[in-house]
Amino acid sequence: MNKKLIIISLFTFAAITVKAAIMPVDTGKTAAPAADPPLVFSGSVDTYYKADFSGHSNIPTSFANENNSISIGMIDLALKKKVGKAAFVGELSFGPRSDQSIPTSGYHIQNLYVSYDVTDKFNLTAGYLATFVGYEVISPVGNFNYSTSYLFTNGPFQNAGFKATYAFSDKVSLMAGIFNNKWNYYSSLNSGNTANGDVSTFGAQLTVTPVKGWTAYLNLVTGSYSGTEFDLTTAYQITNEFKLGLNAATFSAPNNGGGFEGVALYPQIAVSPIVTFGLRGEYFKVKDNGGNVKAITVTSNIKAGPLTIIPEVRFDTKSSDFGASFTDSNGMAATHASQFVLAAVYGF
């Protein structure tokens, strides 16, 4: 009984202390209620036309798969709000681009997580998160090129889990977290003798901003079920007109199951306030003699307010032992593939 009384007394004292700390001082005046921060709404809509020069689809990267067709990408709808130190983000998407990036049918969630700023430098986040790995993202408003790289296609899209981020300064921060054993899924999957799945993947990201306009991310994601990937993503706005990006990664599948490695370079130059030209040069190799592919993508972004028109030409060349099957206009095996894309992306 004495222990119960002591515990009750301590909780009562703590509650009174916390209440006293957060209650405003009575000055005799009625304080105006604090305005509730607004719910922020954003998103995008995209559509495209693609023509493979062989007359049929060839290049096996994510999205924009329909050939000789005016097709749709997706509508992406994002909500976020922050009140005090607590925040949430919810992002839904609908359309073929969404369907290819979300493996669980019946749901259309790209992001769904909550976060809390413990201090100005220390943040905790938990939920279903767009991956921290790689240069390119699912939503087309976040990419310069409309087609995607082989590195993007083979890397994770989402990681569900819990992470902590600490900013040592405005130039260096570190994130570390624990994630589900399988990429791109809302919940962990059964693996081996684990009947209920497990949260067994470790992830980390070191962010460095050496100078203004230049940020580099060194990423690691590793687990006995998911495999291990090291990734470097960096972009440097060298001048107001010229930007240079780089993505390099190596992935090792679990149980000596092979993997991949590759590098992509992204130079971009703005020739006017509304027109920018860019190039993506990529080398991608499948480990254990799986062959390689080299891809050159030339893209332009033409801005009209929130609308971006994206004309793009892409040329891929593969080794004979690369897994993808390129065919020419006669349906015969080929080592080259090329395509033209004209896309329109509206961001809001």
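A salt bridge is counted here when a side-chain nitrogen of Lys or Arg lies within 4 Å of a carboxyl oxygen of Asp or Glu. The structure is a predicted model, in which local features need pLDDT of at least 70 and side-chain atom pairs count only at pLDDT 80 or more, while totals for chains, interfaces and linings use all residues. Residues are numbered from 1 along each chain as its sequence is written, and side-chain values use heavy atoms, with hydrogens and water left out.

Four salt bridges are found in the structure. One of them joins Arg-280 and Glu-136, with an N to O distance of 3.0 Å. This pair brings together distant parts of the chain, 144 residues apart: Arg-280 belongs to strand S13 (residues 275–286), and Glu-136 to the loop between strand S5 (122–130) and helix H3 (150–154). Helices (H or I, at least four residues) and strands (E, at least two) are DSSP runs, numbered from the N terminus. Arg-280 counts as buried because its relative accessibility is 1%, and Glu-136 is likewise buried, at 7%. For these classes, buried means under 20% relative accessible area, exposed over 50%, and partly exposed in between (1.4 Å probe, protein chains only).

Asp-36 forms a salt bridge with Lys-81, the closest N and O atoms being 2.8 Å apart. Here too distant parts of the chain are linked, as Asp-36 sits in the loop between helix H1 (2–22) and S1, and Lys-81 lies 45 residues away in strand S2. Asp-36 counts as exposed, at 53% relative accessibility, whereas Lys-81 is partly exposed, at 22%. The side chains of Asp-117 and Lys-82 also meet in a salt bridge (2.4 Å, N to O). Lys-82 is partly exposed, since its relative accessibility is 41%.

Phe-94 is placed in strand S3 and is partly exposed, with a relative accessible area of 36%.
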